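Open your viewer and get ready to select a few residues at a time. We will walk through this chain together, stop by stop.

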Amino acid sequence: MAINSRSKGCKNERKAAKLIAAWTNKAFARTPSSGGLNWKTSNTKGDIVCTTEGHYFPFCVEVKAHKEINFSELLMSKKKGVKVQEFWEQATRDAAKCNKTPLLFMRYNRMPSNLFFIALPQETWRIIKKCIPKGNTLTWTTPEGGIVICPSDLFLSSDYKQIKKVLKNAK
């Protein structure tokens, strides 16, 4: 049976929105048209937005579900076809449009139901890492900057209010 990629994407965006809502105690929802909607008067970008009135969420969330994700591709010299890099480029483009920090949720087929890999800028990680429990991370550094990738259960077990405060003070 063929997998409907649109349905798969929507399902994973809803999962990620629920995880973020539980982490922040705020309401989150999929962006209409899966992040493709462009409200001219809003800085809303990404696949998931905070729907709690008056709450500023400092991240622009992109969600990707793919058949497989091969992190070893990040070490290859080629740039074309490296899925994680393509996902990250989209996340950073969207985040730049709304002046937020990119937060990429990625998962591949047959991962545990509520587990994603989360990627964020290495610069942001350095600022907030004291707020996050110790655990396994992967750092990918390029001349343009770097990203840190960690499991969602590690990142989302941190104190959201503390992370938001640390990020605000760093600006």
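The tour below visits aromatic rings, then nonpolar cores, and ends at a histidine. Keep in mind that this is a predicted model.

**Stop 1: a tilted pair.** Select W23 and F155 and show their side chains. How far apart are the centres of the rings of W23 and F155? The distance is 5.1 Å, and the planes stand at 50 degrees. An angle between 30 and 60 degrees is neither stacked nor edge-to-face, so this pair is tilted. Now colour the helices: W23 belongs to helix α1 (residues 5–24), whereas F155 belongs to helix α4 (residues 152–155). The pair links distant parts of the chain, 132 residues apart. Both W23 and F155 are buried.

**Stop 2: an edge-to-face pair.** Next, select F71 and F117. Here the ring centres are 5.0 Å apart with 80 degrees between the planes, which makes the pair edge-to-face. F71 sits in the loop between β3 (59–66) and α2 (83–97), and F117 is in strand β5 (residues 117–121), so the pair ties together parts that are 46 residues apart in sequence. Is F117 buried or exposed? Its relative accessibility is 19%, and buried means under 20%, so F117 counts as buried.

Stop 3: Nonpolar side chains tend to be buried together in soluble globular proteins. The largest nonpolar core here has 29 residues, and F105 and F155 have the most contacts inside it. Among the elements giving it two or more residues are β4 (101–108), β7 (145–151) and α5 (160–170). Helix α1 gives the most, with five residues. Return to F155 and look beyond its close sequence neighbours: its contacts there include L103, I118, W125 and C150. A second, separate core has 16 residues, including F71, L104, M106 and W140.

**Stop 4: a histidine.** Finally, select H55, in the loop between β2 (48–50) and β3. H55 is buried, with a relative accessible area of 17%. Which side chain does the side chain of H55 make a polar contact with? The partner is Y160, at 2.8 Å. Beyond its close sequence neighbours, H55 is also in contact with K26, C50 and K164.

Technical notes: Residues numbered from 1 in each chain as written. Predicted model: local features only at pLDDT ≥ 70, side-chain atom pairs only at ≥ 80, totals over all residues. Heavy atoms only, no water. Phe/Tyr/Trp six-rings, centres within 6.5 Å; stacked < 30°, edge-to-face > 60°. Helix = DSSP H or I, 4+ residues; strand = E, 2+ residues; numbered from the N terminus. Buried < 20%, exposed > 50% of the residue type's maximum accessible area, 1.4 Å probe, protein only. Core = buried A, V, L, I, M, F, W, Y, C linked by side-chain atoms within 4.5 Å. Contact = heavy atoms within 4.5 Å. Polar contact = N/O pair within 3.5 Å; in protein donor to acceptor, adjacent residues only side chain to side chain. Lists of a residue's contacts leave out its neighbours within four places in sequence.
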